[in-house]
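Subject: A structure for you to look at

Hi there,

I am passing a structure on to you, with some notes to read beside it. Could you open it first and then come back to the rest of this email?

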Amino acid sequence: GFGRMVLLLVLPEEESEDMRTEALRRLLEVFGIEDPPRSPHHIKQPPQYMVDLYNTVAGADGITKDPDILEGNTVRSFLDKTHSDEMHFLFILSSVAKNERILTAELHLFRLRTKVAEGPFYKRHHFCQVSVYQVLDKNKLDSFEGKKLLAARLITLQGSGWEVFGITQAVRDWMEEDSSNHGLLVTVRGLGSAPVDPSMVRFASGRDHHESKKPMLVLFTDDGRRGAALPISSLPGQANPPTLLSGARNARSLDQFLPCQRQLLSVDFEEIGWSGWIISPKSYNAYHCKGSCPFPLGENMRPTNHATVQSIINALKLTQGVSSPCCVPDKLFSINLLYFDDDENVVLKQYDDMVAGSCGCH
């Protein structure tokens, strides 16, 4: 008999591999990803803006510090695909899902330090106007028909650093009809009676400047996902998982003496094989709830009123087949992932209900 019970532990190799594949596919679904992205061909540095945003939103373990910091639950960054010296930028948005609601889109341009001419004229007229246009027709850029103004700003001739322009309407247009995406045009115009040389305001282009200064589109969206609605019991083979029966009995009898409490449950992306494309966190602690909910339920077990009544009915054996309450998470926290998608864009996503914050008898 014992030999037969041991055999229950051993799944056929194909079935075991199928189960692993299906389990990882389900885990990707929880993270809202269809296929695991390829790791970047060479070690890429994520944009510093995205790293800083992740660190603002999440702790080192990925757990959300403040759920109100992000407007939606997804932030995507795209680098310019034209790589030209012209002030014409193109961002390919094919990785954005159709069900994502576009909340805000920003063009981030890094302004380079330039030598400002000396003299009284430049002290009097030291502003330039920077304008960002949505390109409607590349062949008519000199006319009103060829472009639509999205944002304009006066900036001084001195200074350097990031400038951010709102371009939400253009991205909404492109998402409705992707063939309408002809990119963005940025112009610099001198102000004042005498023209200021526009070359005194220069922005880093995609080709000649360091990765950290490249033009970037940052897109804030919400994909409508709230919590993970995938019961683990729906995994194949989970209805009757193979176990060594006596061991399971021992584990169950041991649980009867452990009060309901939170225990460690590490999710390690390197072990799963996802460390090539997930930037942060490398692992996180999901925790799980384990232990018994014996009568009488104390306040330390955080019981609901329903659980208290169920516990009493169970203890008094008033109704057949009523079990004692279960030890389950009663507070859940969200986590954040910073990762490379299939187009090597960097994405920050927030996922609800991923960490058991505390356990109680329900």
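Let me start with a definition: two strands pair if DSSP finds at least two bridges between them. Helices (H or I, at least four residues) and strands (E, at least two) are DSSP runs, numbered from the N terminus. Please keep in mind that this is a predicted model, where local features need pLDDT of at least 70 and side-chain atom pairs count only at pLDDT 80 or more, while totals for chains, interfaces and linings use all residues. Residues are numbered from 1 along each chain as its sequence is written, and side-chain values use heavy atoms, with hydrogens and water left out.

Strand pairing around β15

Strand β15 (residues 327-340) runs antiparallel to β16 (residues 346-361), and 12 bridges join them. One of the pairs across these strands is L337 with K349 in β16. The two strands form a hairpin with 5 residues between them, and E344 in the turn has a positive phi of about 65 degrees. β15 is also joined to β12 (residues 278-280), again antiparallel, by 2 bridges. There, S280 has L338 of β15 as its bridge partner.

The buried side of α5

Helix α5 (residues 168-176) has T168, A170, V171, W174 and M175 buried, where buried means under 20% relative accessible area, exposed over 50%, and partly exposed in between (1.4 Å probe, protein chains only). These residues cover an arc of only 160 degrees around the axis, so they sit on the same side of α5; the arc is that of the directions from the helix axis to the C-beta atoms. An α-helix has 3.6 residues a turn, so residues three or four places apart point the same way. Among the elements that cover the buried residues of α5 are β3, β4 (127-135), β5 (147-156) and β9 (216-222).

N99 lies in the loop between β2 (88-89) and β3 (101-112), and is exposed, with a relative accessible area of 53%. Which residues does N99 contact, leaving aside its neighbours within four places in sequence? They are D222 and D223, with contact meaning heavy atoms within 4.5 Å. N99 and D223 are 124 residues apart along the chain, yet their C-alpha atoms are separated by 6.1 Å. A polar atom of the N99 side chain lies 3.4 Å from the backbone oxygen of D223.

Q310, in helix α8 (residues 305-316), counts as buried at 18% relative accessibility. Not counting residues up to four places away in sequence, Q310 touches V322, S323, S324 and P325.

Happy exploring!

Definitions and conventions. Polar contact = N/O pair within 3.5 Å; in protein donor to acceptor, adjacent residues only side chain to side chain.
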